[in-house]
Amino acid sequence: MRRVAVVGAGMTKFMRRAKETSKELTYEASKMALDSCELSLEDIESVALGSAPDAFDGVHMKGEYLSDSAGAFQKPYTRSYVGGGTGVFSVIHGWWHVASGLFDTCLVVCEEKMSSCQPHPQGAFLTIFDNMIERPLGPNLVWIFALEMRRYMHVHNIKKEQIALVSVKNKKNALDHPCAQLAQKITVEDVLNSEVLAWPVQRLDISPTSDGACAIVLASEDKAKEITDDPIWIDGVGWSLDTAYWTNRDLYYPRYVEYAARMAYKMAKITNPRREIDVAEPYDPFDYKELHHMEGLQLCEKGEAPKLTEEGITQRDGDLPVCPSGGLLGVGNPIAAAGLMKVCEIFWQLRGEAGRRQVKKDVTTGVAQAWGDLMQVGTVVVMRR
Amino acid sequence: MKVAVVGVGCTGFRPVTPDLSYKELMFEASVKACDDAGLHPKDVQSFVCVSEDFWEGTSIFDEYVPDQLGAVLKPVCTMSADGIHGLITAYMQILTGLFDVVVVEGHSKLSDVIFPNKVNALALDPILNRPLGFNPLFVAGLEMNRYLHETKTTEEQCAAIVEKNKKNALLNPLACYGAKIEKEDVLASDVIFYPLKYLDVSPPVDGAIVMVLASEEIARSTENPMWIRGVGWCSDTPSLETRNWGKALYARISSEMAYKRAGISPREVDIAEIDDTFSYKELQHLEALKLEDEGLPVNVSGGSLGVGYSIEATGLMRVFEVVTQLRGEASGRQIPDVKIGLAQSWRGIPTTSGATIIMGV
């Protein structure tokens with residue numbers, strides 16, 4: 001199997017309402033990624049775009065609309081999507097362009113502009129539900145995640161205080177991220193006293209809606225070594241989609257994340273993830289999701305993630321730093337771009353370029369993961385120095 | 001490593017399917033394709049679907065695909081692209097060595113879309129073009145006019161394409177717009193956006209197609225592998241203001257990539273299934289693909305004008321015909337001695353994206 005490396009990365013600031021159009025955000029991130037490894041568009045042989053639903057922008061075939069700003073002018077170009085899992089999936093999408101031997105370079109770009117959806121992107125999320133069974137109920141995302149959070153807390157007897165620690169940690173971590181939208185110094189009490197949206201989900205349990213874009217450059221082994229002395233290798237990829245009938249599943253455990261993780265670990269020849277993974281960026285659109293996903297990623301036993309968090313193991317100076325970027329809770333959540341932000345963070349951490357966010361321990365292996373659809377899809381990328 | 005299409009399944013195409021949901025259409029095509037390949041969905045390691053949210057009326061449509069394909073808890077992804085892009089995706093996935101058997105699915109349930117042109121209008125640039133409030137078919141009218149002007153092609157020549165394709169479709173059991181009409185009927189049909197007329201436009205249909213792709217080792221153990229020799233795909237520009245209106249550059253660039261990879265010249269192609277979403281597009285694409293030589297059988301299936309336009313599944317419909325011809329299973333419309341077939345797709349207005357695939361026995 002051809003080895004594929006990440007050689008450059010770039011991201012825009014994540015914010016509530018960007019003045020830039022989605023094309024401009026896409027252009028900005030793509031340009032930054034190319035500049036970061038001193039390449040130009042002539043060096044790019046193929047382009048892979050990730051963007052979550054068209055309904056945010058209200059642009060039909062959004063991938064086509066964004067093609068020129070992603071640098072795909074007269075190039076092989078496609079857009080993939082697996083809902084919220086798209087950000088990390090886009091890296092897998094780019095990976096097969098290079099790993100297949102068809103191309104030596106691929107530019108991977110993810111963009112999301114949620115603020116165009118007025119008055120709130122929840123309106124777009126209404127359209128993700130089954131149009132016969134669920135949509136007539138007028139559901140929204142917070143509603144179904146409240147069910148999942150409740151179930152997770154019930155099965156493992158987890159308290160809200162334990163879950164709130166994730167929000168406190170990630171928003172604090174984000175203070176060191178120059179692109180962060182909701183970096184904050186808060187306490188567990190702040191989380192518990194924030195507005196209840198759909199019990200047990202409260203305002204500070206949730207990541208914000210955001211505008212933003214990210215991009216990375218992928219290269220084959222030979223090409224990567226020409227471009228940089230410090231390529232970061234994509235050693236494992238995995239993805240898995242569970243049944244659409246989410247009401248028939250036990251929501252306490254994300255088995256689709258486990259399937260995706262096992263696929264990626266097998267490819268990366270990782271047998272003991274807890275020991276072999278040095279730094280992790282699991283998807284954290286809600287604070288309980290970070291815990292949920294740590295368990296799915298086999299970084300701890302089922303129900304054990306809150307304990308690791310309480311013990312400080314997941315802090316930036318801990319034994320297993322989790323979301324040192326600040327995650328979606330702190331940096332922001334422009335859906336597809338947020339997933340790619342996690343891959344960017346692992347890239348910067350493994351290169352030792354994360355600045356004030358750099359984790360204390362020496363890191364050689366990292367994992368990034370995203371999740372999406374109807375609590376249904378897991379996408380996982382394992383990277384090594 | 002080589003990759004082959006080892007199984008194909010198609011529901012056939014109909015203008016309306018009130019008796020079936022998209023899930024049932026997908027299921028039927030999937031069962032047929034796996035049967036055709038002699039494989040069980042359990043043997044499939046990865047699934048690629050092609051769809052666009054707005055056509056489905058559901059955001060993040062990929063949520064609703066796994067169950068009817070037998071894909072639950074397997075690697076599944078959706079490409080917002082044409083079916084041939086989907087095949088290329090599966091082809092690349094197999095070439096990485098990660099998978100041996102990958103399924104590609106595409107479908108259309110356009111009959112559920114009450115005003116397709118209003119949906120398509122949302123694909124126009126929201127800042128520069130959409131506020132003009134036009135029916136998006138104006139793009140095809142403008143392009144046709146420019147193409148006719150640049151190449152001195154006549155409206156009669158375009159009408160002849162409609163006559164040919166609808167006649168071809170009479171012999172295709174999957175098609176529902178086969179008809180015996182004359183050029184004059186096309187020329188006399190209502191003008192939509194001059195010079196584009198009602199019968200120059202392919203009519204919408206419902207249906208689903210599934211294909212099973214396999215690596216060389218698995219493919220050799222199946223009955224009827226048809227090998228993928230070359231692939232190419234390209235997006236030109238989304239901008240209406242700066243694009244080349246006369247030439248289909250995306251088709252030129254993607255076919256050059258495919259010819260190069262297949263190591264063949266256009267002259268070696270025995271049969272071609274070319275995008276004919278609009279009549280003039282077949283002629284424009286033939287030039288872009290360097291296939292304008294006389295005598296080449298083009299759109300023997302009936303093309304979109306005869307079979308119907310099935311959005312993302314359209315590319316798969318064309319590949320379906322190429323596979324059927326290569327296998328020698330096209331009965332009444334079989335072309336003798338088909339060794340190499342080419343299928344090409346375009347993503348429709350207002351895009352300049354397309355893909356080409358070359359297959360051989």
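**Entry 1: the interface**

I looked up how much area chain A and chain B bury between them: about 5000 Å², with 61% of it on carbon and sulfur atoms. Buried area here is the accessible area (1.4 Å probe) that two parts lose on being put together, summed over both. I noted that the size of an interface is often given in this way, as accessible area lost when the parts come together. Three residues, A:His60, A:Tyr81 and A:Leu241, supply 16% of the area that chain A buries against chain B, more than any other three residues.

A note to myself on the source: this is a predicted model, where local features need pLDDT of at least 70 and side-chain atom pairs count only at pLDDT 80 or more, while totals for chains, interfaces and linings use all residues. Residues are numbered from 1 along each chain as its sequence is written, chains are lettered from A and ligands numbered from 1 in the order in which they are written, and side-chain values use heavy atoms, with hydrogens and water left out.

How many residues does each chain bring to the contact? I found 59 residues from chain A and 63 residues from chain B, where contact means heavy atoms within 4.5 Å.

I then looked for salt bridges (a side-chain nitrogen of Lys or Arg within 4 Å of a carboxyl oxygen of Asp or Glu). The count between chain A and chain B is one. A:Glu64 and B:Arg347 form a salt bridge, and their closest N and O atoms are 2.7 Å apart.

Which elements give two or more residues to the side of chain A that touches chain B? They are helix H2 (62-66), strand S3 (77-81), helix H3 (86-99), strand S8 (232-241) and helix H9 (255-268) of chain A. I took helices (H or I, at least four residues) and strands (E, at least two) as DSSP runs, numbered from the N terminus. H3(A) gives the largest share of that side, six residues.

I also saw S3(A) pair with strand S3 (residues 76-79) of chain B, antiparallel, over two bridges; strands pair if DSSP finds at least two bridges between them. A:Ser80 stands opposite B:Met79 in S3(B).

**Entry 2: B:Leu122**

I found B:Leu122 in the loop between helix H5 (116-121) and helix H6 (138-151) of chain B. Its relative accessibility is 27%, so B:Leu122 counts as partly exposed (buried is under 20% relative accessible area, exposed over 50%, partly exposed in between, with a 1.4 Å probe and protein chains only). Leaving aside neighbours within four places in sequence, B:Leu122 touches A:Gly58, A:Val59, A:His60, B:Phe54 and B:Arg130.

A cis peptide bond joins A:Trp199 and A:Pro200, with omega about 5°. I found A:Pro200 in the loop between strand S5 (196-198) and strand S6 (201-202) of chain A. The bond from B:Ile349 to B:Pro350 is also cis, with omega near 0°, and B:Pro350 lies in the loop between strand S10 (340-346) and strand S11 (353-360) of chain B.

Is B:Asn299 buried or exposed? B:Asn299 counts as buried because its relative accessibility is 0%. Its phi is positive, near 55°. B:Asp337 has a positive phi of about 55° although it is not a glycine, and B:Asp337 is exposed, with a relative accessible area of 64%.
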